[in-house]
Amino acid sequence: MTTLTTKDGVEIFFKDWGPKDAQPIMFHHGWPLSSDDWDAQMLFFVQNGFRVVAHDRRGHGRSAQVSDGHDMDHYAADAFAVVEHLDLRNAVHIGHSTGGGEVARYVAKHGEPAGRVAKAVLVSAVPPLMLKTDANPEGLPLDVFDGFRKATADNRAQFFLDVPAGPFYGFNREGAKVYPGVVNNWWRQGMMGSAKAHYDGIKAFSETDQTEDLQAISVPTLVMHGDDDQIVPIADSALKAVKLLKNGTLKVYEGYPHGMLTTHAEVINPDLLAFIKG
């Protein structure tokens, strides 16, 4: 079976490839996508002898389109349900964007207390806090995220073309090589999910203060970010996150976009492998 049911009755879809006795790597996808966004990484790592696992977040992809629970606490608890179901131990958890927030909450609240985490990676990730507040003046103003909500509610199908065709992959930059298939695949993944989950998830990724999560993590943690990330600006994410981690390492990629896992997989994948094996 490639689904499980959480304690609160939500059916979660997952993939589990590779030898069951190999070290597991679990991937946590970004908003509003699915585990399919990790194709380039999952194929690479299964070919390098690892067990690779990825799930569709509740309300996303092939998981149940439930009304509630679209917040970091439920995201992390659902990830732990997958880990327990598959009995993953000594696992490396890699999260992109909102999935990076999920990894931070998971490792802090579930993974490390249960002794199941070896290392963590935050890629173009949202922690510690995206929203601009008095205590976080470098953040993005609320009206930015209100704009996301309006676009999702008014015409999600068009919004989910505009984001990947523009800032997500840096395809709006002069001289960028645009891959229509990548744009279409982003749209496909997004439209598989629930509008309610996507709408509610904007609050989760923008307003969740994960300072305490980052401070609680003690396993080696790699923070990877492109300095031309137009979705999650590096100054208010990676540069702050690495200072809060007890055992963090920062790797900055000059000119790389938010979706660098796809556009620059040939660079990112070997760097991930080196960190995991190091």
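Predicted model: local features only at pLDDT ≥ 70, side-chain atom pairs only at ≥ 80, totals over all residues.
# A walk from the surface to the core

With a relative accessibility of 35%, Leu239 counts as partly exposed; the term covers what falls between buried, under 20% relative accessible area, and exposed, over 50% (1.4 Å probe, protein chains only). Residues are numbered from 1 along each chain as its sequence is written, and side-chain values use heavy atoms, with hydrogens and water left out.

Let us stay with Leu239 for a moment. Helix H8 (residues 238-244) is where this leucine lies; helices (H or I, at least four residues) and strands (E, at least two) are DSSP runs, numbered from the N terminus. Together with Leu250 and Val252, Leu239 makes a nonpolar surface patch of about 200 Å². Patches take in residues with over 30% relative accessible area and no salt bridge, joining like charges within 9 Å and nonpolar side chains (Val, Leu, Ile, Met, Phe, Trp, Tyr) within 5 Å.

Now step back to the whole chain. Ten helices and eight strands make up the secondary structure of the protein. The radius of gyration is 17 Å, close to the 19 Å given by the globule rule for 278 residues, so the protein is as compact as a globular protein of that length; the radius is taken over C-alpha atoms, and the rule is 2.2 Å times the number of residues to the power 0.38. Along the principal axes, the C-alpha atoms fill a box of roughly 45 × 40 × 35 Å. Of the 278 residues, 55% count as buried. Among contacts with a separation of 6 or more, 77% come from residues 24 or more positions apart, contact meaning heavy atoms within 4.5 Å. The accessible surface comes to about 11,100 Å², and 53% of it belongs to carbon and sulfur atoms; such areas come from the Shrake-Rupley method with a 1.4 Å probe, and for residues only the protein chains shown count as cover.

What lies inside? A nonpolar core is a set of buried Ala, Val, Leu, Ile, Met, Phe, Trp, Tyr and Cys residues joined through side-chain atoms within 4.5 Å. The largest one has 32 residues, of which Met26, Val82, Tyr106, Val107 and Ile217 touch the most other members. At least two residues of this core come from each of strand E2 (11-17), helix H2 (72-86), helix H3 (98-111), strand E6 (117-123) and H8. H2 gives the most, with seven residues. For a closer look, find Val82: leaving aside neighbours within four places in sequence, Val82 is in contact with Leu4, Ile12, Phe14, Met26, Val53 and His55. There is also a second, separate core of 24 residues, and Val52, Leu222, Tyr256 and Ile276 are among its members.

Several loops deserve a stop. The Trp31 to Pro32 peptide bond is cis, with omega near -5°, and Pro32 is found in the loop between strand E3 (24-28) and helix H1 (39-47). Another cis bond runs from Pro127 to Pro128, with omega near 10°; Pro128 lies in the loop between E6 and helix H4 (142-168). In the loop between E6 and H4 you will also find Ser124, which has a positive phi of about 45° although it is not a glycine. Ser124 is buried, at a relative accessible area of 0%.

Asp87 also has a positive phi, about 55°, without being a glycine. Its place is in the loop between H2 and strand E5 (91-96), and at 40% relative accessibility Asp87 counts as partly exposed. The side chain of Asp87 meets that of Arg89 in a salt bridge (3.1 Å, N to O), a term for a Lys or Arg side-chain nitrogen within 4 Å of a carboxyl oxygen of Asp or Glu.

How many salt bridges does the structure hold? There are 22. One of them joins Lys15 and Asp39 (3.9 Å, N to O), linking distant parts of the chain: Lys15 sits in strand E2 and Asp39 in helix H1, 24 residues apart. Lys15 counts as buried at 9% relative accessibility, whereas Asp39 is partly exposed at 34%. Both belong to a network of salt bridges that links Lys15, Asp36, Asp39, Asp56, Arg62 and Arg188.

The last stop brings us back to H8. Glu138 forms a salt bridge with Lys240, with the closest N and O atoms 2.6 Å apart. This pair too links distant parts of the chain, with Glu138 in the loop between E6 and H4 and Lys240 in helix H8, 102 residues apart. Glu138 is partly exposed, with a relative accessible area of 46%, and Lys240 is partly exposed at 21%.
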